[in-house]
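Student: I'm new to this one. Can you walk me through the fold?
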Amino acid sequence: MGLALGCDSNKEEVKINKGIESEKIIRTIDNWNKGWDKKDVELAILDYSEDTDWTNAFGDRMQSKSELRELLKEIFAMDFVMEGTDNYQNDTVQFLTNNLALLRSTNIRKNQKWSDGTLMNDRHIHHLRVYKKINNEWKIISHMISQANEKK
């Protein structure tokens, strides 16, 4: 995904309260997590833009909220995928502009199972979400999920 930023010297930049805006952005993780816990697809995707670009740790890429909705319906129906607990940490918000921000976070997922029922090792999952302020709401326009494999 390319990102081009421009500068218009004729406009004064409006100051935002980055602390308050960061809290709004980080709260979107709560909607995602509650959606997964309740198997509520609409809650999980609440904060995504209609034309979001989403890629999970297995390389599945969805290029709209509609595609993401359909994939999550399939995922939420797989009990072995839904096993386990999440532990989000290291949430870091970086503002690129007043209307664009990045959220990096780590989730250590414990007790998830493989399709054959065997227990997975703890998964160290990294999320990079790109947010755009649309109609005064922070919406996820891109979400990349990656997993760090154990080093030997």
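Student: Which residue in β5 does Ile-108 stand opposite?
Tutor: Ile-108 faces His-124 in β5. Ser-105 stands opposite His-127 in β5. This is a predicted model, where local features need pLDDT of at least 70, side-chain atom pairs count only at pLDDT 80 or more, and totals for chains, interfaces and linings use all residues. Residues are numbered from 1 along each chain as its sequence is written, and side-chain values use heavy atoms, with hydrogens and water left out.

Student: How many bridges join β4 to β5?
Tutor: 10 bridges join β4 (residues 100-109) to β5 (residues 123-134), and the two run antiparallel. Strands here are DSSP E runs of at least two residues, helices are H or I runs of at least four, both numbered from the N terminus. Two strands pair if DSSP finds at least two bridges between them.

Student: And what joins β3 to β4?
Tutor: A hairpin, through four residues. β3 and β4 pair antiparallel over six bridges. Thr-92 has Arg-104 in β4 as its bridge partner.

Student: What's the strand order in the sheet?
Tutor: β2-β1-β6-β5-β4-β3, an open sheet of six strands with mixed pairing. β2 (61-62) and β3 (88-95) are at the edges with a single partner strand each, so one side of each has no neighbour in the sheet.

Student: Is β4 largely enclosed or exposed?
Tutor: Largely enclosed by the rest of the structure, because nine of its 10 residues are buried. Buried means under 20% relative accessible area, exposed over 50%, partly exposed in between (1.4 Å probe, protein chains only).
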